[in-house]
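Reader: Hello! I would like to understand the labels used for this protein. Could you take me through how they are decided?

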Amino acid sequence: MTNPITATPNRVEHQLTDKGYVPVYTTAVVEQPWSSYTGDDHGVWATLFERQQQVLVGRASDEFLRNQRAMGMTPDRIPRFDDLNAVLRKTTGWELVGVEGLLPELTFFDHLANRRFPVTWWIRKPEQLDYLSEPDLFHDLFGHVPLLMNPVFADYMQAYGCGGVKAHGIGPDALAQLTRLYWYTVEFGLIATGEGLRIYGSGIVSSGGESRYCLESDAPNRLGFDLLRVMRTRYRIDTFQKTYFVIDGFEQLMAATRPDFVPYYQQLAAQPSIPAGEVLDTDRVIHRGTGEGWATDADF
Ligand SMILES: [Fe+2]
C-alpha cells in the first residue's frame with residue numbers, strides 16, 4: 001500500500017526513545033516522489049556524493065565503494081529506489097521501501113526481519129550539508145544500501161531485525177543492549193583488512209569529518225569487536241564516537257548474532273553499562289585513545 005506523498009515529511013509526534021526525543025513519522029510505506037525532487041535536491045545529492053566518494057577512497061571498505069558503483073549510484077541524480085531494487089532483489093533479495101523518516105522501533109525491526117530496508121525519501125537542504133540530526137535519503141541510501149549487496153551482511157541485517165522483534169517483547173534493557181550492537185556495527189563499525197582498518201558503518205561513511213576522525217585521530221579508542229562488551233557500551237549521539245569496534249570480517253558479525261540472545265540478556269542484567277570512552281583490561285586494544293576533545297557530559 002502506498003500513501004499519497006506530501007511536500008514535507010509527515011511528522012506525527014515526538015517520542016522519547018533511547019536516542020532522546022525524536023520525531024516519529026507515519027509508519028506507512030510511501031512511493032519515492034522522484035519526479036518532485038528539485039534541482040536543489042539533486043544538487044545536494046551530487047555535492048555530498050562527490051565529496052564523500054573522494055574522502056572514502058582508501059578509508060571505506062573497498063567493497064562498499066565497489067557496490068555503490070555496481071548499483072549504479074552516481075552523482076548525476078538522486079537514484080530511483082526502483083532501479084536499486086532491481087539490482088538488490090537479484091543479488092541478496094533485499095528491497096528498499098520509502099518511508100517518511102525514523103520509524104518506531106518495532107516497525108523498523110519488522111522491515112529488516114523481512115529483508116526490507118526503509119529509506120527516507122527526502123534529502124537535507126543545502127544549508128544542512130554538514131549536519132543533520134536525523135537520517136535523510138543521503139544517509140540511508142549512500143550509507144546503508146551498498147552493503148546490502150554483501151550476502152553475509154545482508155543476512156546479518158535480517159537476523160538483527162528478527163532479534164529486534166524479540167528484544168522488543170523482552171523489555172527496554174534488552175532493546176537498549178541490542179541498539180548498542182546496531183550503533184557500533186551498522187552505524188559506526190570498522191573492519192580490519194589486509195590494507196589496514198577500513199570503514200563500513202553508515203553513520204561514518206555519510207560524514208566527512210568522522211570518516212577521517214575514526215581512522216586518523218589519536219583521540220578515539222579502536223578496540224576489537226566483542227559482542228557482550230559492545231552490548232554494554234554506551235555511545236555518543238551528538239559528537240564523534242569515543243570508541244570504535246573493529247570486526248575481522250562480516251562472518252564474525254553473523255556468527256556472533258546467530259545464537260539466541262535471551263541468555264545474553266540475562267547475563268547482562270547483572271552487569272553495569274560501560275562509559276563510551278572506557279577501556280577494559282579484557283579489551284583487545286588496537287589503539288588506546290588519548291581522549292582529546294571528548295565531551296565530558298553523560299553518554300547515551
Ligand atoms: Fe543509519
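Reader: What makes the link between the side chains of D299 and R236 a polar contact?

Author: Happy to start there. The side chains of D299 and R236 are joined at 3.0 Å. A polar contact is a pair of N or O atoms within 3.5 Å; within protein, one must be able to donate a hydrogen and the other to accept it, and residues adjacent in sequence count only if both atoms are side-chain atoms. The value of 3.0 Å is within that limit of 3.5 Å. A polar atom of the D299 side chain also lies 2.7 Å from the backbone nitrogen of A276.

Reader: What kind of model is this, and which atoms and numbering does it use?

Author: This is a predicted model, where local features need pLDDT of at least 70 and side-chain atom pairs count only at pLDDT 80 or more, while totals for chains, interfaces and linings use all residues. Residues are numbered from 1 along each chain as its sequence is written, and side-chain values use heavy atoms, with hydrogens and water left out.

Reader: Why is D299 called buried?

Author: D299 has a relative accessible area of 13%. Buried means under 20%, exposed over 50%, and partly exposed in between (1.4 Å probe, protein chains only), so at 13% D299 is buried. D299 sits in the segment after β9 (285-287). Its contacts (heavy atoms within 4.5 Å), not counting residues up to four places away in sequence, are R234, Y235, R236, K242, P275, A276 and G277.

Reader: How do you know which residues are donors of the iron ion?

Author: Donors are N, O and S atoms within 2.8 Å of the metal (3.2 Å for Na, K and Ca); water is not among the atoms, so sites may look incomplete. H139 (NE2), H144 (NE2) and E187 (OE) lie 2.0 to 2.2 Å from the iron ion, so they qualify as its protein donors. Their spacing in sequence is H-x4-H-x42-E. H144 lies in helix α5 (residues 137-144) and E187 in helix α7 (residues 172-187), so this pair ties together parts that are 43 residues apart in sequence. Helices (H or I, at least four residues) and strands (E, at least two) are DSSP runs, numbered from the N terminus.

Reader: Are H144 and E187 buried or exposed?

Author: H144 is buried at a relative accessible area of 4%, and E187 counts as buried at 11%. As for α5, 8 of its 8 residues are buried, H139 and H144 among them.

Reader: Why is α6 called roughly parallel to α11?

Author: The axes of α6 (residues 151-170) and α11 (residues 250-257) cross at roughly 30° and come within 9 Å. Axes are lines fitted to C-alpha atoms, for helices over the stretch in contact, and angles run from 0 to 180 degrees between N-to-C directions. Angles under 35 degrees count as roughly parallel, over 145 as roughly antiparallel, 65 to 115 as roughly perpendicular and the rest as oblique. That makes α6 roughly parallel to α11.

Reader: Which residues meet where α6 and α11 pack?

Author: V152, F153, D155, Y156 and A159 of α6 meet F250, E251, L253, M254 and T257 of α11. T257 touches Y156 and A159, leaving aside residues up to four places away in sequence. T257 counts as buried at 11% relative accessibility.

Reader: What is the phi of R115, and where is R115 found?

Author: R115 has a positive phi of about 55° although it is not a glycine. Most residues other than glycine have a negative phi. R115 lies in the loop between α4 (105-113) and β4 (116-120), and R115 is buried, with a relative accessible area of 17%.
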